[in-house]
Amino acid sequence: MDPTDKLTVGQSNALMITERIVSVFSIFGIIFILVTFYFLSSFNKPINRLVFYASFGNLGMNIACLISENGIKAGALSPLCQFQAFLIQMFLGVDAFWSCCMAWNVYLAFFHQYTDRHLRSLDKWYLLSCYGASSVPALAFLFVSTEERGKIYGHAVLWCWIDTRWDFLRIALLYGIVWIAIIFAFAIYIRAGRVIYKRRDKLKGFLNPLNENPFTTGVVTTEIDVTIAPADQPSPSSNAKTNGRNPFDQTFNGIPGMEEGNNNNGLHPYTVDIGVGPNTRDRKPSKAEILQMRSITREEAMKENPNPGAWLYARVAFLFFLSMLIIWIPSSVNRVYSLAHPDRINFPLNYVSALVLPMQGFLNAIVYVLTSQTACRELVNALRGRGTMPWRHLVGKGRGGFMGIQKRRERKVSESEMGERRESFQMLRSQAATSEKGSGDPCAGWEIWLIG
């Protein structure tokens, strides 16, 4: 007996209309994610990358939902029914798998100090795991058939999927795996939650999804004085010396214009004393005096202070996890009910499933917008003619494809920063030479503020 025969015409129409309306909203959300992430630089940031990857699975699922009951009406053995069943088996659980990958990234970032560069190297394995693993049963079910039960793909009340006669496979090869991934992710978030609770005073506003950057206030900037003086003259920080030698004395080896010198006494012509001075926030150093010093003590700093990138990534992953629970809790309750009462169809539970299962793309778009509020405002202003569209520079061909564009851009920025540093040191060198002619003290009065 066809399971849909147990539903009235009105109930069947309600399920079909709900699936299609929600799917349309989700597809609009998916298109927004794909277009903005790929073409607009302001949306292209690490915390959105996995949401971008998951959107392809959401798109496949929503195509199946748009087919709705047409697959059942075409017949269980029809190409349309088999295609719809393949899409559902392939893409229905993908969001849960991506949520598991996000949770694993949170674990690596929190407890092993992984940076975005390290996490990016794992993307290919996540893609293989999420889409490759789900494709194996989805393809295999197309070819499996027995005399007693028939083909695996067939009628499943809402649409064509695993036939009710093979209902145990829904639990074994989808719902069971999904809930294993959910429990794994939940365990990681519990452990991360303990860290968040311990640092709750530093993370005010962290759990507020409307607060795009809770770390705008309370950022501590360390300013380090570097005083350059001739080696035969005492430095201003000579009181920090121990045993006649400053433990911080260094030479600028490898920096253009500041090479190590030689003299008859075997001493370096200059020494550098580095010490942390008082807060001089009111003083505005010149452009030549400001150098961006990054990753000097990255691992130690991350142990003591929250890394904004890791914390923001954790919040996005947790929001994604919550949206996934909205999808899977009602549908799992419906699945348990159908196992306990195989001869009954509970219309309210099936209606809720028809409402939430196509909603994955829409909920992911909400998470995406919440974590890209500034970028969304820039986009709206650009569409109104009040700003410029932040297009990405999609240049260059060859190895890497569109996945390698970001890497090429990062390398270009790095080279630019190195050029600025060389220019700054050359400027300091020329100014020091001018001072040497006038006073005999080649670097008198110069201070370089290194802002970490």
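The model is a predicted one, in which local features need pLDDT of at least 70, side-chain atom pairs count only at pLDDT 80 or more, and totals for chains, interfaces and linings use all residues. Residues are numbered from 1 along each chain as its sequence is written, and side-chain values use heavy atoms, with hydrogens and water left out.

The protein has 14 helices and 8 strands, where helices (H or I, at least four residues) and strands (E, at least two) are DSSP runs numbered from the N terminus. Of its 452 residues, 43% count as buried; here buried means under 20% relative accessible area, exposed over 50%, and partly exposed in between, with a 1.4 Å probe and protein chains only. A contact means heavy atoms within 4.5 Å. Among contacts between residues at least 6 apart in sequence, 76% join residues at least 24 apart.

Rings of Phe, Tyr and Trp (its six-membered ring) pair if their centres lie within 6.5 Å; planes under 30 degrees apart count as stacked, over 60 as edge-to-face and the rest as tilted. By this rule there are 24 aromatic pairs. In one of them, Phe37 and Phe52 have ring centres 4.5 Å apart and planes at 25°, so the pair is stacked. This pair links distant parts of the chain, with Phe37 in helix α1 (residues 9-39) and Phe52 in helix α2 (residues 46-67), 15 residues apart. Phe37 and Phe52 are both buried. In another pair, the ring centres of Phe91 and Tyr131 are 6.4 Å apart and the planes stand at 70°, so this pair is edge-to-face. Phe91 belongs to helix α4 (residues 79-91) and Tyr131 to helix α7 (residues 123-140), so the pair ties together parts 40 residues apart in sequence. Phe91 and Tyr131 are likewise both buried. Ring pairs join Phe37, Phe52, Tyr53, Phe56, Phe91, Trp98 and Tyr131 into a cluster.

Charged groups also meet aromatic faces. A charge sits over a ring if NZ of Lys or CZ of Arg is within 6 Å of the ring centre and within 35 degrees of the ring normal. Arg149 lies over the face of Trp166, at 5.3 Å from the ring centre, and Arg191 lies over the face of Phe111, at 4.2 Å from the ring centre.

Two packed helices are described by the angle between their axes and the distance between the axes. Axes are lines fitted to C-alpha atoms, for helices over the stretch in contact, and angles run from 0 to 180 degrees between N-to-C directions. Angles under 35 degrees count as roughly parallel, over 145 as roughly antiparallel, 65 to 115 as roughly perpendicular and the rest as oblique. Helix α1 packs against helix α12 (residues 360-370) at an angle of about 40°, with the axes 7 Å apart. That makes α1 oblique to α12. The crossing of α1 and α12 is left-handed; a crossing has this hand if the near helix is turned anticlockwise from the far one by less than a right angle, and is right-handed if clockwise. In α1, the residues at this packing include Phe25, Gly29, Ile33 and Phe37, while those in α12 include Gln360, Phe362, Ala365 and Tyr368.

Helices α2 and α7 pack at about 25°, with their axes 11 Å apart. They are therefore roughly parallel to each other, and α2 passes α7 in a right-handed crossing. Arg49, Leu50, Tyr53, Ala54, Phe56 and Gly57 in α2 meet Asp123, Tyr126, Leu127 and Tyr131 in α7.

Asn48, in helix α2, counts as buried at 0% relative accessibility. Not counting residues up to four places away in sequence, Asn48 touches Phe37, Phe43, Tyr368, Thr371 and Ser372. Asn105 lies in helix α5 (residues 94-111) and is buried, with a relative accessible area of 1%. Leaving aside neighbours within four places in sequence, Asn105 is in contact with Leu50, Leu119, Leu122, Tyr126 and Tyr313.

Finally, there is the backbone. Most residues other than glycine have a negative phi. Gln113, in the loop between α5 and α6 (116-120), has a positive phi of about 55° although it is not a glycine. Val157, in the loop between β3 (153-155) and β4 (160-162), has a positive phi of about 65° and is buried, with a relative accessible area of 10%.
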